[in-house]
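Here is a short briefing to read alongside the model. Take a look at the ligand site to begin with, then follow the notes on the chain itself.

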Amino acid sequence: PDPLRLPPALTDPNQPTDPMRPDAIRALLDTLPRTRLAAVPTRVVELPRLRAALGPETPEILAKLDEETAFGLGGNKVRKLEYELAPPRLKDVTHLVTVGGPQSNHARVTAAAAARLGLGCVLVLNGDPPDPPTGNALLHRLLGAKVRVVGSREERARGMETEIVRVAESGGKALAIPLGASTPLGALGYVRCALEINDQLPPESDRDLQVILASSSGGTLAGMVAGFSLLERTDVHLLAVSSDTPAEELQETAVELAGEALELLEADPGRLLTMKGRLDVTDAEVGAGYGIPTQASREATALLAMSEGLLVDPVYTSKAMAGLIRAVRTGRFLAGDRILFLHTGGHPALFA
Ligand SMILES: *Cc1c(COP(=O)(O)O)cnc(C)c1O
């Protein structure tokens, strides 16, 4: 079966594509306004002790440290918010309103951005913060955000509408940021990241680059798919490890967002076809559900911490690392491949 399920409009195999030069892509990206927040480029480091711990046939393992985007304690939401919070979108805006879980990393970075931009912030979260607040819930409060609790994930959208109206009634104007900033605009932040990876790890003729990342609302994955499609990096394979969403649904969301991100860049969404057969989404690490560690995610956390001094979070990156380890152990990669683990952050959840 074709793992890249494309929207019907994109299934014409005869669409012409040719790779775009990285500087042309960068120029395209620079035509769209953004607010600089992230400390970039983030580092790429080798993980030789993890590699050794996984056995003699293990390919080279590298990590791109988007945990170090720095702003508001960093992680992948920083790059996405740069485009969501572009200056023209902030005209007359007094408040940012967004949604998430009670320990949301996205809510934390949004609250930090609101503070930095001199705006109010309302977070609509499904579930009470722990008492006393810990982890991200503590930071939401410290960053001055107002927290509105709703009873379930399903009630978040309506909760956000209510808060937008409330801001308007008090004479303000709210900018609503969807879950995880996983919008076509937000995904552009990860098109930039794909360009960084292209600079840091240029194609090598005789081996593939196996990129592994945590995925939930799909914006990060969408940006990577769009970016590597533009670059036509036919050596790049993407393995997205879901932290909650069923694989098929996540893949559809990400591919759709990727197509829309390309449209924002006035690039042909048909370019996504260049990723055909090289995008895979797995939900094998979800276990009992969102934020609930599995035996594999606990083992991955401990192994990475003790072999490399590198910390992953219990909700997202530990499950992605579990997916990486499983993929190595089941022989998914060739010994000559390079593996790149995209570390998307989430450290505050270690203290939740
Ligand atoms: C939000 C988040 C993800 C998932 O990113 P999406 O773009 O929502 O798929 C992965 N890792 C961490 C640490 C996150 O906070």
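The space that the ligand takes up is the largest pocket in this predicted model. The notes below go through the ligand site, then the salt bridges, and end with some backbone details.

**Who surrounds the ligand**

- The ligand has 16 residues around it, and the closest are Lys-77, Lys-80, Ser-217, Thr-220 and Thr-344.
- Sorted by class, this shell holds 12 polar residues, two nonpolar ones and two charged ones.

**Polar contacts and burial**

- The side chain of Thr-220 has an N or O atom 2.7 Å from an oxygen atom of the ligand.
- In the side chain of Asn-105, an N or O atom lies 2.8 Å from a ligand oxygen.
- Gly-219 takes part through its backbone, with a polar atom there 3.4 Å from an oxygen atom of the ligand.
- How much of the ligand does the protein bury? Taken alone, the ligand exposes 380 Å², and 98% of that is buried by the protein.

**Salt bridges**

- The count of salt bridges comes to 19.
- One of them pairs Arg-34 with Glu-82, where the closest N and O atoms are 2.9 Å apart.
- This pair links distant parts of the chain, as its two residues are 48 residues apart. Arg-34 sits in the loop between helix H1 (22-30) and strand S1 (44-46), while Glu-82 belongs to helix H3.

**Backbone details in the loops**

- Another cis peptide bond runs from Asp-131 to Pro-132, with omega near 0°. Pro-132 is found in the loop between strand S4 (120-126) and helix H5 (135-142).
- Asp-92 is not a glycine, yet its phi is positive, at about 65°. You can find Asp-92 in the loop between H3 and strand S3 (95-100).

Methods:
Residues numbered from 1 in each chain as written. Predicted model: local features only at pLDDT ≥ 70, side-chain atom pairs only at ≥ 80, totals over all residues. Heavy atoms only, no water. Near = heavy atom within 4 Å. Polar contact = N/O pair within 3.5 Å; in protein donor to acceptor, adjacent residues only side chain to side chain. Areas by Shrake-Rupley, 256 points an atom, 1.4 Å probe, with all protein chains shown as cover. 1 Å grid on protein atoms, 1.4 Å probe; cavity = no way out; pocket = protein on both sides within 12 Å on 5 of 7 lines; lining within 4 Å. Sits in = over half its atoms within 2 Å of the grid points. Nonpolar A, V, L, I, M, F, W, Y, C, P; charged D, E, K, R; others polar. Salt bridge = Lys/Arg side-chain N within 4 Å of Asp/Glu carboxyl O. Helix = DSSP H or I, 4+ residues; strand = E, 2+ residues; numbered from the N terminus.
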